[in-house]
Amino acid sequence: MKLDRRTVLKSMGAAVALPAIGRGAQAQATETIVIGGSVPLSGRAAETGLNVNNGYLAAQKFFNEQLNGVEIDGKRYKIDVRLFDDASDPARASTLIQRHLDDGVQFFLGSFGSNIVLPTAAIVERAGKPMMQTGGASDQIYTQGYKNIFCMFPRASRQLYNTIEYFKVLQPAPKSIMFAMANDAFSKTLAEGAIAFGKEKGLPINDIVTLPENITDASSLVNQIRSKKPDVLLATTHDQNSLLIARQLISSNVDVPLLYLSLGPQLKSFRDALGGYSEGLYFQQFWDERSPYKDAFFGSAQKFADYYRQHFKRDIAYHTASGAACIVAYVHAMKAANSLDPAKVRDKLATLDVESLYGRIKFTPEGDGDPVHLGSTVGQVLKGTAEVVFPEASRTAAPVFPAPKWAEKRRG
Amino acid sequence: MKLFVSGRSAWVSIAITLAGALLFALLPAFLSPYGVRVGQLFVLAAGLAVAWTVLGGFSGYWSFGNAAFVGTGAFVAALIELALPGWSPAGAFTVALLAAMLLNGLLALVIAWPILRLRGIYFAIAMLGVSQVCYELVSNIDALRGALGVNLIDIVPKDVRPERFYYWALLLAATAIILIAICVRHSKLGYGLLAIREDEDTARMLGVPTAPYKISAFVISAMLTAMMGVIYAHNLGYITANSVFRNEFNLNVIVYSLLGGMGTIIGPIVGAGVMTYVTQVLLGDLLDIHMFITGLLLAILVLAAPNGLYGIYDTYRLRLKRQKREAGR
């Protein structure tokens with residue numbers, strides 16, 4: 001084939017026109033519920049974005065292929081999840097959400113990262129369409145007065161409410177609680193929210209220690225624990241910092257009856273690194289497929305995990321489950337509204353209270369997840385495995401308190 | 001006025017810019033809201049790329065760190081607005097915008113002295129470092145709120161659609177940037193910068209005050225970039241350090257110039273237009289491979305047209321001229 005200028009121009013013209021023609025054809029499709037959104041499949045937030053994306057797609061696949069769609073008001077609909085890659089760019093995400101709105105999309109799924117979710121939420125809110133999301137936990141999303149934005153997580157400052165509730169029911173009751181927080185935004189918000197709630201609940205929070213963002217030496221914390229002897233140490237730290245704290249406590253033989261390291265012990269690599277010393281450590285756990293959650297569509301959390309593994313190669317993560325739960329929440333709300341009117345579906349989302357593969361879906365009046373039902377659960381390493389010990393509804397094993405001392409673990 | 005602009009071509013460029021801006025200002029009446037948002041991205045990209053050109057294109061000092069000025073501008077404005085709670089939105093925005101531009105000019109002035117002693121790739125990498133340092137500072141100093149994020153005031157008038165308002169605001173800023181770039185290009189400063197780009201040592205030997213010229217261009221470029229950063233941040237409504245200290249801002253402005261034509265004013269605008277259309281519209285549906293195709297297209301274009309699209313046009317124009325001349329003999 002001769003490649004002259006005219007041929008090249010014709011090909012380019014066709015390439016330019018094709019996407020527009022494709023969009024027109026999609027818009028004509030009937031009997032589908034289109035749920036639009038953007039997710040970061042590339043850029044800074046891609047790693048978690050891919051988990052969220054797979055959760056959305058797994059639920060779509062399940063509803064369409066296993067249940068032959070969903071029935072609303074006597075009609076059967078397939079779910080059509082239309083997602084764009086926002087490349088972790090809030091401006092691109094806003095443009096793509098606008099495109100969905102112009103195409104007549106009525107329901108939305110959120111991206112990952114509060115800096116992307118908030119600008120897109122503003123557009124969706126203005127248009128009066130609901131958005132279910134699992135990637136924006138910043139408190140600032142829920143103080144804007146939005147009525148249409150719902151999140152599968154509580155806002156950041158409320159994510160440790162279950163942990164505080166657990167401390168409240170501990171027997172014997174702790175006489176002294178120490179908080180140690182790393183100097184990064186997430187760790188600080190988490191700890192400050194927990195401290196405020198703990199004080200409100202009357203817990204004896206006596207000491208608050210701020211640690212550098214990247215800890216190279218935890219001796220000052222170890223010395224404070226040695227002198228003050230708290231019953232509980234709650235450290236909001238990332239896994240490497242948590243590992244350092246645990247190792248220095250072990251080498252100094254300083255015991256705490258309840259050592260809670262927010263991030264770290266849930267990872268197998270962390271438990272392997274500490275060996276038998278990881279036994280009894282507490283941590284923050286968002287979701288466990290073994291939790292006894294019943295789901296009206298998937299059956300249970302475990303069945304969702306099994307279905308996901310059958311059809312997707314990427315490892316399952318809690319964001320995958322919460323992403324799928326967003327679609328489940330939509331279907332519940334649509335069925336309850338018996339309508340696809342976005343305003344009616346929004347109203348049903350606001351009052352939703354159902355058990356799902358991800359736990360009990362219930363939102364606060366501001367739209368973030370209920371801190372007790374959708375907040376992180378309390379995990380503990382028991383016999384080398386990460387178990388959920390609180391609340392009861394999510395429990396996979398009974399808690400051990402006080403945890404065994406380092407010396408006992410050393411003896412095996 | 002001769003102090004700033006000289007020559008007929010400068011006035012022609014100014015007239016074309018103003019006419020073009022007027023035409024673009026009318027576009028929202030014919031575009032869907034999505035089209036207007038794509039227009040915003042184009043105008044933002046064009047404005048940032050021309051602001052970069054004032055230093056990188058004219059003097060050949062390629063900065064790989066202009067995101068520092070986008071981000072610093074955005075955060076300075078946001079923090080100043082937080083400090084002015086009782087003010088009207090328009091008043092607080094005006095003060096914040098001016099302060100952000102001035103502070104960025106000052107920042108550029110302070111770092112110019114050590115950094116503009118470097119040349120070529122050393123300057124480029126040093127600027128990348130400046131951008132990274134600014135990102136880390138804003139992220140890690142609690143008072144700057146880069147990690148937690150900060151809301152910006154809503155400056156959109158009641159009866160105006162937000163996407164249209166910010167399209168016009170960005171267009172106004174981009175037009176101002178292009179006009180300033182034209183003035184710089186056709187002034188004594190501009191000729192000095194071109195001389196620096198061609199051979200800095202010879203330029204200095206011939207009496208061009210290279211250091212003050214480079215610093216002036218650097219400061220102007222920083223202030224103009226900050227102006228775009230402030231409007232961009234208001235358009236988002238809520239920013240974290242990740243929203244504004246983006247490596248894409250560092251790299252895309254260079255890509256636009258390379259694609260359109262380095263060292264010209266029209267080049268970055270054309271480059272920004274082509275790239276915005278390709279990435280936002282043409283490849284918007286190709287979820288999995290759009291980054292790959294964008295990269296491939298860029299590589300082909302740079303190989304096929306090393307002087308950018310403007311270079312192709314220039315070659316074609318010169319060839320036509322030559323053919324006419326030969327036909328006339």
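Good morning. Residues are numbered from 1 along each chain as its sequence is written, while chains are lettered from A and ligands numbered from 1 in the order in which they are written. As the model is predicted, local features need pLDDT of at least 70 and side-chain atom pairs count only at pLDDT 80 or more, whereas totals for chains, interfaces and linings use all residues.

I begin with chain A. Its open sheet has six strands in the order 2-3-1-4-5-6, with mixed pairing. Strands here are DSSP runs of E with at least two residues, helices are runs of H or I with at least four, and both are numbered from the N terminus. Two strands pair if DSSP finds at least two bridges between them. In general, strands of a sheet pair through backbone hydrogen bonds, either parallel or antiparallel.

Which strands stand at the edges? They are strand 2 (70-72) and strand 6 (149-151) of chain A; each has a single partner strand, so one side of each is left without a neighbour in the sheet. On average, neighbouring strands of this sheet are turned by 30° against each other, direction ignored. For such angles, axes are lines fitted to C-alpha atoms, for helices over the stretch in contact, and angles run from 0 to 180 degrees between N-to-C directions.

Strand 2 of chain A runs antiparallel to strand 3 (residues 75-85) of chain A, and three bridges join them. Within this pair, Glu71(A) stands opposite Arg76(A). Strand 1 of chain A pairs with strand 3 of chain A in the parallel sense over eight bridges, and Val34(A) has Asp80(A) as its bridge partner. Strand 1 of chain A also pairs with strand 4 of chain A in the parallel sense, over three bridges; there Ile35(A) stands opposite Phe107(A).

Seven of the eight residues of strand 1 of chain A are buried, so this strand is largely enclosed by the rest of the structure. A residue is buried if 20 or more other C-beta atoms, placed from the backbone, lie within 10 Å of its own, exposed if 12 or fewer, and partly exposed in between. Helix 2 (residues 46-66) of chain A lies across strand 1, strand 2, strand 3 and strand 4 of chain A, at about 160° to strand 3.

I turn to chain B, which has 13 helices and two strands. Of its 329 residues, 48% count as buried. Its C-alpha trace spans about 75 × 50 × 45 Å along the principal axes.

Helix 2 (residues 33-59) of chain B has 26 of its 27 residues buried. A kink of about 55° is centred on Thr53(B), the bend at a residue being the angle between axes fitted to the seven residues ending there and the seven starting there. Just after this helix, Gly60(B) takes a positive phi of about 80°.

Ala49(B) also has its place in helix 2 of chain B. Is Ala49(B) buried or exposed? Ala49(B) is buried, with 31 other C-beta atoms within 10 Å. Beyond its neighbours within four places in sequence, its contacts include Val253(B), Tyr256(B) and Pro268(B); two residues are in contact if their C-beta atoms, placed from the backbone, lie within 7 Å.

Finally, the contact between the chains takes 28 residues from chain A and 27 residues from chain B. Helix 3 of chain A gives the most to the side of chain A that touches chain B, with eight residues.
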